[in-house]
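Hello,

Here is the structure I promised to pass on. Please open it first; my notes follow below.

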Amino acid sequence: MTELRTQLVADAPDLNGEASASLSGDGLGCHAGAEMAAAAKAAGNAGLLEQFAADYPKGPHEKPQSMCPAFGSLRVGLRMRRVATVLSGSACCVYGLSFISHFYGARRSVGYVPFSSETLVTGKLFEDIRDAVHELADPDRYDAIVVTNLCVPTASGVPLRLLPSEINGVRIVGIDVPGFGVPTHAEAKDVLAGAMLKYARHEIMAGPVPAPVSGRGDRPTVTLLGEMFPADPMMIGAMLAPMGLAVGPTVPCREWRELYAALDSKVVAAIHPFYSASIREFQAAGRAVVGSAPVGHDGTMDWLAAIGEAYGVAADKIAAAQNAFGPAIKAALAKAPIKGRITLSGYEGSELLVARLLIESGADVPYVGTACGKTEWSAADRAWLEARDVVVKYRASLEDDLAAMEAFKPDLAIGTTPVVQKAKELGVPALYFTNLISARPLMGPAGAGSLAQVVTAAMAGKARMDQMRTFFEGVGTGDTAGIWEGAPNLRPDYRALHQKKLDKAARAAKSEEMI
């Protein structure tokens, strides 16, 4: 560890360089990704961005179109027991992240180390972060402290890797989650989960570690990778039991020692396929990884077979598990049919699984868009969907989702907030994916009939949507929205003049790139 620390000191970037100075006062924000990425590379973070590009390949739209990606890692840390979270970034970013975290019920303080142009450029910010961590490291209260660099500190090269690995027995985990390197908040969860697994794996290699609070069972376990509805792990455990297996921890974990138990499982189920950094740590520990999930009849049968084969379970025990739950899933699907055309999109990473379940329930799903990237762990789901003529779009943009909705004219659009908004403008019933779809059981017999009620009820509201659209007809859209006593004063000449200025600035920037 001493040699590693010495090497990190030798490789540390100079925070007095031009990269930090260029970011300190020019107001670069969330959509200045190219400038910030260039600054981060100049500040010594080229390797970090290269790893992000390998783990989370970007699509044609490099700017995040959902909430700030750092919310994902922040939420993971805030949901863990005895873990403190500290943010380093622009005050506006920290305010927004703190607000949304408490909106989702964090019930815990979010630490913040503020900075100024001077502390950023001189390197004093890193010293302030180090002092804050030392002050916070109380082993009676915390097992770990997570320090997160947001966009500006990452672009400036603030070296969290130089923080002590532990203080007073409290683990220190430093991560960078810049919006210009991590495309979605779902993948940011993987950034922190992977960093924690790496730390825990090295702890295991160094010597004995604490056992889980609940102790170790007598059956081999399967670790589940990806956040899911609380009832899903219990259902998965029931389906594993006939094969002599048990469900292990779910990653992201809720407390530190669960990480040891997760790494102890010989097989990992990548329920959500985008956890690339976490999968790298499991594979480094010699663990087998199985993709897809037990959703619907076909998905459950294939998944049980894949898990059984990974563990070397006898064929008759695999068949016993399949026979125990296959008929129940078919019965649940038949009891709760879904009729109608549905377009589906979201940024949680479980979109392909939900599409499979909808199709087996009887729905016509011509399009599935996910903001997450394509990985090998979703290959089985993609192949199953494409065999049924479903268009599967990875790194789908808002424009992709809206175009699909307008082209396929669904009876129901399931998607993100702006997709739902546009659908309602068109008089199309719509459901918000995150709160109304992904927050339901999806696995096994419990998941088979879970979507029918909310989906059918939404599609039944088509007449009400038509009435609302008729009622609001003529109130205007965009600049003319609302009720006007006279004709709106649009002034298209102002807009044309402003557009000319934007075009001129774009040409100037393009010319500078060519020099």
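Contact here means heavy atoms within 4.5 Å. Helices (H or I, at least four residues) and strands (E, at least two) are DSSP runs, numbered from the N terminus. This is a predicted model, where local features need pLDDT of at least 70, side-chain atom pairs count only at pLDDT 80 or more, and totals for chains, interfaces and linings use all residues. Residues are numbered from 1 along each chain as its sequence is written, and side-chain values use heavy atoms, with hydrogens and water left out.

Helix α18 (residues 417-425)
V419, V420 and A423 are buried in this helix (buried is under 20% relative accessible area, exposed over 50%, partly exposed in between; 1.4 Å probe, protein chains only). Down the axis of α18, the buried residues fall within an arc of 100 degrees, so they line one face. The arc uses the directions from the helix axis to the C-beta atoms. Their cover includes β10 (341-346), α17 (398-408), β13 (412-415) and β14 (430-432). Just after α18, G427 has a positive phi of about 80 degrees.

Strand β5 (residues 170-176)
Six of the seven residues of β5 are buried. β5 pairs with β3 (residues 144-149) in the parallel sense, over six bridges. Pairing requires at least two DSSP bridges between two strands. I172 in β5 is the bridge partner of I145. β4 (residues 166-167) pairs with β5 in the antiparallel sense, over two bridges. There, V170 is the bridge partner of I167. The hairpin of β4 and β5 has two residues between the strands, and N168 takes a positive phi near 55 degrees.

Best wishes
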